[in-house]
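Hi,

Here is the structure I promised to pass on. Have a look at it first, and my notes follow below.

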Amino acid sequence: MICPATCCSHDNMTTNPPLRRSTPNRPPLPIIWILASMLCAVGYQPVHATDGSSSRALLEQAKQLEQDQQYPAAIEIYRTLLRQDPENDDIRAALARLLSWQGSHAEATSLYREVIRRHPTDLDVRTALARVLSWQTDRKEAQQLYEAILQEDPRHVDALQGLGDLLFWEERAVDAL
């Protein structure tokens, strides 16, 4: 190695080791430099970001299964997602919807009530709860829910339909119309 004059004196080489300087072909700290380059290139990704992408993939899979009417498989995925993210009320409502279609009315009712506790103004979830209650023949509470929803939004289509169905089932066809 040729030592520049500013680095060291050749007379002192045995007592003072030469200073190491980085050269253009060799980065000063290769590991740090590589890691820094990677972070700059792809950005910082927290550890749970992988979980987020896998959760998104699971959610898409559940939606596809639901679309394909493979409800039991979709229900299991929604349950898994809800265990991973117990505060996610969109998943809770989706699970409740599928459970209600599969006849698990009590569990669906419970899930819808949890969502309503946190989102009391969500008319769609309240309507879904009323629908399940009417299927359970708890028609008095269902009717009260439908009427409360229609007081807030007289044109809420699902609530109008639900109340009409409920009144028809109770043999009140004139009121249903």
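Which residues line the second largest pocket? Please keep in mind that this is a predicted model. The lining consists of Ser55, Arg56, Leu59, Lys63, Tyr78, Leu81, Gln84, Asp85, Asn88, Asp90, Ile91 and Ala94. As for volume, the second largest pocket holds about 180 Å³ of space.

Helix 6 (residues 123–135) packs with helix 8 (residues 157–169) at an angle of about 15°, and their axes are 10 Å apart. Because angles under 35 degrees count as roughly parallel, helix 6 is roughly parallel to helix 8. The crossing of helix 6 past helix 8 is left-handed.

Which residues meet where these two helices touch? From helix 6 there are Thr127, Arg131, Ser134 and Trp135, and they meet Asp158, Ala159, Leu166 and Trp169 of helix 8. This contact between helix 6 and helix 8 has four nonpolar, two polar and two charged residues.

That is what I have for now.

Best wishes

Conventions:
Residues are numbered from 1 along each chain as its sequence is written. This is a predicted model: local features need pLDDT of at least 70, side-chain atom pairs count only at pLDDT 80 or more; totals for chains, interfaces and linings use all residues. Side-chain values use heavy atoms; hydrogens and water are left out. On a 1 Å grid over the protein atoms alone, a cavity is a set of points where a 1.4 Å probe fits but cannot get out, and a pocket is an open set with protein on both sides within 12 Å along at least five of seven lines; lining residues have an atom within 4 Å of a point. Grid points are joined across faces, edges and corners, and a volume is the space filled by probe spheres set on the points. Axes are lines fitted to C-alpha atoms, for helices over the stretch in contact, and angles run from 0 to 180 degrees between N-to-C directions. Helices (H or I, at least four residues) and strands (E, at least two) are DSSP runs, numbered from the N terminus. Angles under 35 degrees count as roughly parallel, over 145 as roughly antiparallel, 65 to 115 as roughly perpendicular and the rest as oblique. A crossing is left-handed if the near helix is turned anticlockwise from the far one by less than a right angle, and right-handed if clockwise. Contact means heavy atoms within 4.5 Å. Ala, Val, Leu, Ile, Met, Phe, Trp, Tyr, Cys and Pro count as nonpolar, Asp, Glu, Lys and Arg as charged, and the others, Gly among them, as polar.
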